[in-house]
Amino acid sequence: MTSSQPTLRAPRENWHPAAPAAGTMTAVTFREFGGPQVLQAESVPTPAITPNEVLVRVCAVSVGRLLDLVARSGRHPYAKFTFPHILGAEHAGIVAAVGANVDAVSVGDRVATFPVVTDPACPMAQAGYDELSPTLEIVGTHRQGAYAQFVAVPATNVFPVPAGMSPVDAVAVALAGAVAMNQLTRASFAEGQRVIVQGATSALGSTTALLARHLGAQVIVSSRDSSKRERLRQLGFDSVLDSASESFVGDARTAFGGHGANIVIDNLGDPVLWSKGMDTLVPGGAMVSSGAFLGHQVGVNLQRLYSQGQRIIGVRTGNHAAAVRLWDEVGKGFRSVIDRTFPLTSAAEAHRYVESSSNVGRVALLVD
């Protein structure tokens with residue numbers, strides 16, 4: 001495995017000292033769907049915890065496109081809100097309290113939360129596909145989230161953060177890292193394989209590309225934006241392509257020494273980019289999708305698909321097993337990239353920034 005320490009770095013922020021929770025806390029809520037202006041800071045009751053939960057004093061929380069921006073607008077395909085609602089899935093912080101049945105986590109521990117919650121008794125979860133369980137809930141989507149000083153989460157969903165890792169670094173991998181690991185796992189990734197990540201400047205795309213490189217892949221990353229391609233080079237990627245180029249397929253094969261890709265990861269859904277990705281796949285290769293921001297319908301040459309034994313794999317999100325593997329790699333040095341941070345009370349400004357698609361990597365809120 002290779003070193004994957006990104007070179008684009010945000011200023012490092014510190015962890016809060018452990019402190020007992022008060023009866024109320026500051027949170028950023030919204031009481032109706034709309035633009036960023038609906039996000040407002042207010043005082044709300046500090047959440048109570050059940051016997052199997054922990055209360056996390058939040059230090060940093062991510063700003064995601066689907067789970068935050070799309071949800072805030074009212075266009076999230078499976079979110080169900082009770083207003084006022086608190087967004088915020090991926091977060092890291094200090095354990096402030098533990099439930100009566102919790103013994104694996106202690107007050108004062110530095111943790112990051114994998115925010116996908118499922119019933120472990122569900123048959124899908126027992127089969128290793130808990131991300132497809134009908135019991136699935138996501139913190140900040142189906143539960144109150146972490147745009148707040150405190151959040152209550154199941155103790156089984158928190159992972160210890162290694163010494164020397166900042167809260168924002170932990171946030172950058174808390175969910176995106178588990179999704180990326182699940183993408184590679186479902187595609188039967190092996191060290192040395194050739195991987196293309198389309199749209200690699202998003203928080204998920206950059207994390208997936210960095211993880212594939214960390215695990216020993218040959219990686220090509222792409223972006224249609226020339227300035228973002230330069231930023232990908234600053235992250236240490238040698239093969240950075242213009243996904244809009246008519247020569248993309250040939251350029252990719254040249255970069256891979258005349259070979260095609262074993263795995264192409266496309267979370268965009270643009271029909272032209274999808275077709276180019278499929279054209280680069282080797283026999284037995286896999287196309288992986290975890291998003292469709294640019295379109296929902298793409299073309300597939302079924303004759304080529306079955307005759308070459310290729311696969312198209314949908315990966316909804318991460319699962320617990322992927323999160324366990326992810327944090328094992330974090331312990332070995334894996335890190336992703338933070339584009340920039342905003343104070344919690346500037347959540348609306350952070351949403352506008354992510355909406356502008358200016359970021360390369362994760363955008364996070366810092367919680368006082």
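A charge sits over a ring if NZ of Lys or CZ of Arg is within 6 Å of the ring centre and within 35 degrees of the ring normal. I kept that rule at hand while going through this predicted model.

**Entry 1: charges over rings**

I started with R213, which lies over the face of F237 at 4.6 Å from the ring centre. I then turned to Y129 and found R186 over its face, at 3.8 Å from the ring centre.

**Entry 2: the sheet**

Next I traced the strands. I found an open sheet of 6 strands with parallel pairing, and I wrote down the order as β12-β11-β10-β13-β14-β15. Which strands stand at the edges? They are β12 (239-241) and β15 (311-314); each has a single partner strand, so one side of each is left without a neighbour in the sheet. I also looked up the twist, which averages 20° from one strand to the next.

I then picked one pairing to look at in detail. Strand β13 (residues 261-265) and strand β14 (residues 281-289) run parallel, and 4 bridges join them. Which residue of β14 does I263 stand opposite? I noted A286 as the residue facing I263.

**Entry 3: helices on the sheet**

**Entry 4: aromatic pairs**

My last stop was the aromatic rings, where the count comes to 8 pairs. One of them I looked up is F81 with F83: their ring centres are 6.5 Å apart and their planes stand at 40°, so the pair is tilted. Is F81 buried or exposed? F81 has a relative accessible area of 18%, and I logged it as buried, while F83, at 34% relative accessibility, counts as partly exposed. I also saw that F81 and F83 form one aromatic cluster with F30 and F33.

I then checked F342 and Y353. Their ring centres are 5.9 Å apart with planes at 50°, so I noted this pair as tilted. F342 lies in strand β16 (residues 338-343) and Y353 in helix α11 (residues 347-355), so the pair ties together parts that are 11 residues apart in sequence.

Methods. Residues numbered from 1 in each chain as written. Predicted model: local features only at pLDDT ≥ 70, side-chain atom pairs only at ≥ 80, totals over all residues. Heavy atoms only, no water. Pairing = 2+ DSSP bridges. Helix = DSSP H or I, 4+ residues; strand = E, 2+ residues; numbered from the N terminus. Axes fitted to C-alpha atoms, helices over the stretch in contact; angles between N-to-C directions. Phe/Tyr/Trp six-rings, centres within 6.5 Å; stacked < 30°, edge-to-face > 60°. Buried < 20%, exposed > 50% of the residue type's maximum accessible area, 1.4 Å probe, protein only.
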